[in-house]
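Hi everyone, thanks for making time for this one.

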Amino acid sequence: MDSIISIIAKELGRSEAHVSAVVELLDEGNTVPFIARYRKELHGSMDDTTLRTLEERLAYLRSLQERRDAVKASIDEQGKLTDELAAAIDNAKTLAEVEDLYRPYKPKRRTRATVAKEKGLESLADAIFAQPHDLPDLQLLAEPYVDAEKGVETVEDALAGASDIIAERISDDAALRKTLRTLFEKKGFVRSAAATEEDSVYRLYYDFVQPVPRMQGHQVLALNRGEKEGFLKVGVSVDRDFALSAVCGFVKSGTNASAFLRAAGEDAYDRLIEPSLEREIRSSLTDAADEGAIRMFALNLKPLLMQPPVRGHVTMGLDPGYAHGCKVAVVDGTGKVLDTTVVYPTQGAGRKRQAIDTLKAMVRRHNVAHIAIGNGTASRETEQMAVELIGEAGGGLSYMIVNEAGASVYSASKLAAEEFPDYDVNLRSAVSIARRLQDPLAELVKIDPKAIGVGQYQHDMPQKRLGEALDHVVEDCVNAVGVDLNTASAPLLERVAGLNATTAKNIVAYREESGAFTTRRQLLKVAKLGPKAFEQCAGFLRVPESKNVLDNTGVHPESYDAAEKLLDILGYDKNALKRGALPDVGAKLEGYGAEKAAGDCGVGVPTLRDIAKELQKPGRDPRDELPPPILRTDVLEIKDLKPGMPLTGTVRNVVDFGVFVDIGVHQDGLVHISQVCDRFIKHPSEVVAVGDVVKVVVLDVDEKKKRISLSMKQTPKNG
């Protein structure tokens, strides 16, 4: 049996030494972001995604080993563990295979077979199952087992009991179950039919047949939901005759037991094996669909969180609404609330005029540069009002539609109440919308990632698994960007590697009591933040106010000496970094020789190159290197769209069947997977991600149904 380390190494295509190092680091309590960033020499520069995969696989294989050991112990207690069986269990590659091997020895609830055994019929079953050529007539063989006191009234009762025992024995055969499972997986069909005459969104599945290997994740999830809601009947099946040929392969021809055993085999298949394997296959399909959907959710969440910030500008947030009006909040360049109000632009021309005048006065009073508009109810009317406002106010004012998913969840949360105790719930959401434009990551970390809404069927997912996967994405994004120790909120700090809710709140409390941090080392004075937590978090926290410029970079304190040595050997004076960025550090390092410099500085080459990258631009934000978001000054309506019209838009969601793009008409357009690019792709995520700015061409517009079909094929830059 291969060791866990060698199995993972083969699966990831990595060396066993690197995998072993990561396992050791994880077992020591190091976080994935810390390992990914500051221990590259030990793991061969694996990225955080690979490290997460390694961590999950490690957990599964350790769980598998624990189950193997438990199963062997249970069988051994029964005195039935042989060397051959132990070896088979040790070599089982999945939990399903382990459970198949354990099935004959697993304590069972009372079944027809256990009842028959209690009646003393097991030896009869053994005699028939052996199929000797001199086997007597089964009626005669069964006569001695008739015993009214034991509940065996007739010969037929005895034979029926023996058949039940044999059927269960066939069903418990691990090799047979493995063969049939493979048959279901490769040759099975998923079928669904209408469970009602009522029309529904599931009508595509009212007469649906698809081979198991070709089932798509979104189809599986749709069938599951349709069945749960009572609209569909769903099943999985294979050719029965083909399956029975495998089940009854043990039956010898020409004996008195042949027909009896074939009947027992059919009973085993119809009553025990097929229903069990159908549940297994559906469960397996659902697990795979769930993992695919969770992976897609995570894939969409990352670029959404990493959208470039529009920072440093006074921003007005508009939370649209009808009956309760449009909530308005103005925040300064740091997100501090300057002003709030409520206007009613959808309640007649007079009130719309009043709303524009009110907002125009706020724009001029606070020098508002940008307007962020939530994309929910009444967004279209609010956008139209904003365009009129921009036309009247002038001065370079622009707007952007912001995904407001989760804003209402946040505004009603305990966190929002603590942050804005004096503001109404609705006004809090307007503040959140404004801040989402200024710094999407800092604002979105306050919201449960499941509420952000960039996936499919998220409410059908295993919530714990979904939550863990999305939390990992948030953690990786926060640590990739870095966090200002003196301005970050507790929810943002909580996502930093090595910190938790308690230490994050303690950092904020320390900041409020003792003033701004002036060095990273001060973190060690924070309550409950010990050396291990400091090691994990320090490199991801920035202190712009520090006299040591390295405190405002991604250079870890453990590498400060190496950074200073690097500057020295490359000919910079001690104050060079204080005077600003050093754009030529990288070129100078390569000219000097990275290997030689690493030896001189006492660190590995990957770490030294990371240090040089930080010295080139201290305090850099990786999001600034991405294309900026689209800020608009006018509005396009769906009636303005014509086939062939080229447009620029922002990718809002990526799903299995295509890409939804915001093209500035309030209704997102769909680029079907067949229209994403000219080459074949299995999934749109191979080409685009949430937040990408793309060029599209209008294919078709259905105003009544509010459907817009787009293509990216005719725009070579996207392909």
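Let's begin with how the chain is connected. Take the contacts between residues at least 6 apart in sequence: 65% of them join residues at least 24 apart. Please keep in mind throughout that this is a predicted model.

Now the overall picture. The chain holds 29 helices and 15 strands, and its C-alpha trace spans about 105 × 70 × 50 Å along the principal axes. Of the 719 residues, 49% count as buried. The accessible surface comes to about 33,600 Å², with 51% of that belonging to carbon and sulfur atoms. On the charge side, there are 94 positive and 108 negative side chains, and the centres of those two sets lie 5 Å apart.

Let me go to the helices, starting with α2. This helix has 12 residues and reaches 16 Å from its first C-alpha to its last, close to the 16 Å expected at 1.5 Å a residue. Which residues of α2 are buried? They are V19, A21, V22, V23, L25 and L26. A reminder that helps when you look at such a list: an α-helix has 3.6 residues a turn, so residues three or four places apart point the same way. As for what lies over the buried residues of α2, the cover includes α1 (4-12), α3, α4 (40-43) and α5 (48-77).

G29 sits in the loop between α2 (16-27) and α3 (32-38). Is it buried or exposed, or something in between? At 43% relative accessibility, G29 counts as partly exposed. Setting aside neighbours within four places in sequence, G29 is in contact with K532 and Q536. V343, on the other hand, is 314 residues from G29 in sequence and 52 Å from it in space, C-alpha to C-alpha.

D83 is exposed, with a relative accessible area of 73%. From D83 to E404 there are 321 residues in sequence and 61 Å in space, C-alpha to C-alpha.

Helix α11 (residues 155-171) has 17 residues and reaches 24 Å from first C-alpha to last, close to the 24 Å expected at 1.5 Å a residue. Why do I call α11 largely enclosed by the rest of the structure? Because 13 of its 17 residues are buried. Then there is α22 (residues 463-481), which has 19 residues and reaches 27 Å, close to the 27 Å expected at 1.5 Å a residue. The buried residues of α22 include L466, L470, V473, V474 and C477, and among them you will also find E475, D476 and N479. Following α22 comes G482, with a positive phi near 90 degrees.

Q131 has a phi near 55 degrees and lies in the loop between α9 (122-130) and α10 (138-142). N367 also has a phi near 55 degrees, and its loop runs between α16 (349-366) and β7 (370-374). How do their surroundings look? Q131 is buried, with a relative accessible area of 3%, whereas N367 is exposed, at 61%.

Over to the strands. β1 (residues 189-194) and β3 run antiparallel, joined by six bridges. If you want a pair to click on, F189 stands opposite S237 in β3. Strand β3 (residues 232-237) is mostly covered, with five of its six residues buried.

My last stop is I630, in the loop between α29 (605-616) and β11 (646-655). Which residues does I630 touch, not counting those up to four places away in sequence? They are Y399, M400, T648, G649, T650 and V693. I630 and S398 are 232 residues apart along the chain, and 9.7 Å separates their C-alpha atoms.

Key: Residues are numbered from 1 along each chain as its sequence is written. This is a predicted model: local features need pLDDT of at least 70, side-chain atom pairs count only at pLDDT 80 or more; totals for chains, interfaces and linings use all residues. Side-chain values use heavy atoms; hydrogens and water are left out. Helices (H or I, at least four residues) and strands (E, at least two) are DSSP runs, numbered from the N terminus. The expected span of a helix is 1.5 Å times one less than its number of residues. Buried means under 20% relative accessible area, exposed over 50%, partly exposed in between (1.4 Å probe, protein chains only). Contact means heavy atoms within 4.5 Å. Accessible areas come from the Shrake-Rupley method with a 1.4 Å probe; for residues, only the protein chains shown count as cover. Lys and Arg count as positive and Asp and Glu as negative; His and the chain ends are not counted. The place of a charge is taken as NZ of Lys, CZ of Arg, CG of Asp or CD of Glu. Two strands pair if DSSP finds at least two bridges between them.
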